[in-house]
Amino acid sequence: MSGFLTTLDCRKVGERRWSLLAPLRYELAPGTVLEAPTGFYTDFASIPRALYLTTPPIGNYDAAAVLHDYLYFAQATTREQADGIFKQAMQDSGVLWYTRWKMWLAVRLFGGAIWRKYETEKAV
């Protein structure tokens, strides 16, 4: 069974930027733990301002969004796996199915540019 092992603990350090004050740990499967480390920077859910009324950047999907940001940054999984973990982590956080589906679809459609940005930075 999957789920978060720690609670999200972060501090705002910019207009749309937060820093983790403690590791965010997520158990994907028994014995498989993913961790976004202390000091990791996130913007939570990268949602355009025009959509804030229907999907604000902060909600009950916060921890899942931070984990997803870290998975994209670290690239220890494939992009498809990272997006699937995001969807599962939202379910574990009690996010409603239509919000999970909408956010998962958004990262599948529009997350490629950010993935490639981190991929290019790691290659240098």
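These legends accompany several close-up views of the predicted model shown above. Residues are numbered from 1 along each chain as its sequence is written, and side-chain values use heavy atoms, with hydrogens and water left out. Because the model is predicted, local features need pLDDT of at least 70 and side-chain atom pairs count only at pLDDT 80 or more, while totals for chains, interfaces and linings use all residues.

**View 1. Three strands form an open sheet in the order 1-4-5, with antiparallel pairing.** Strand 1 (3-4) and strand 5 (32-36) are the edge strands, each pairing on one side only. Strands here are DSSP E runs of at least two residues and helices are H or I runs of at least four, numbered from the N terminus; two strands pair if DSSP finds at least two bridges between them. Two bridges link strand 1 with strand 4 (residues 24-29) in the antiparallel sense, and here glycine 3 stands opposite glutamate 27 of strand 4. Look next for helix 2 (residues 79-92), which lies across strand 1, strand 4 and strand 5 and runs at about 105 degrees to strand 4. For that angle, axes are lines fitted to C-alpha atoms, for helices over the stretch in contact, and the scale runs from 0 to 180 degrees between N-to-C directions.

**View 2. Serine 2 sits in the segment before strand 1.** Serine 2 counts as buried because its relative accessible area is 15%; the classes are buried under 20%, exposed over 50% and partly exposed in between, with a 1.4 Å probe and protein chains only. The side chain of serine 2 makes polar contacts with the side chains of tyrosine 26 (3.4 Å) and aspartate 92 (2.6 Å). A polar contact is a pair of N or O atoms within 3.5 Å; within protein, one must be able to donate a hydrogen and the other to accept it, and residues adjacent in sequence count only if both atoms are side-chain atoms. With neighbours within four places in sequence set aside, serine 2 is in contact (heavy atoms within 4.5 Å) with Tyr26, Glu27, Leu28, Gln88 and Asp92.

**View 3. Strand 2 (residues 10-14) and strand 3 (residues 17-20) run antiparallel, joined by four bridges.** The two form a hairpin with two residues between them. Follow arginine 11 across to its bridge partner in strand 3, serine 19. Serine 19 also stands opposite tyrosine 41 in strand 6, where strand 3 and strand 6 (residues 41-42) pair in the antiparallel sense over two bridges.

**View 4. Aspartate 83 is found in helix 2.** Aspartate 83 is buried, since its relative accessible area is 0%. Not counting residues up to four places away in sequence, aspartate 83 touches His68, Tyr72, Trp104, Val107 and Arg108.

**View 5. Glycine 94 lies in the loop between helix 2 and helix 3 (97-110).** Its relative accessibility is 47%, so glycine 94 counts as partly exposed. Glycine 84 is ten residues away from glycine 94 in sequence, and the two are 16 Å apart in space, C-alpha to C-alpha.
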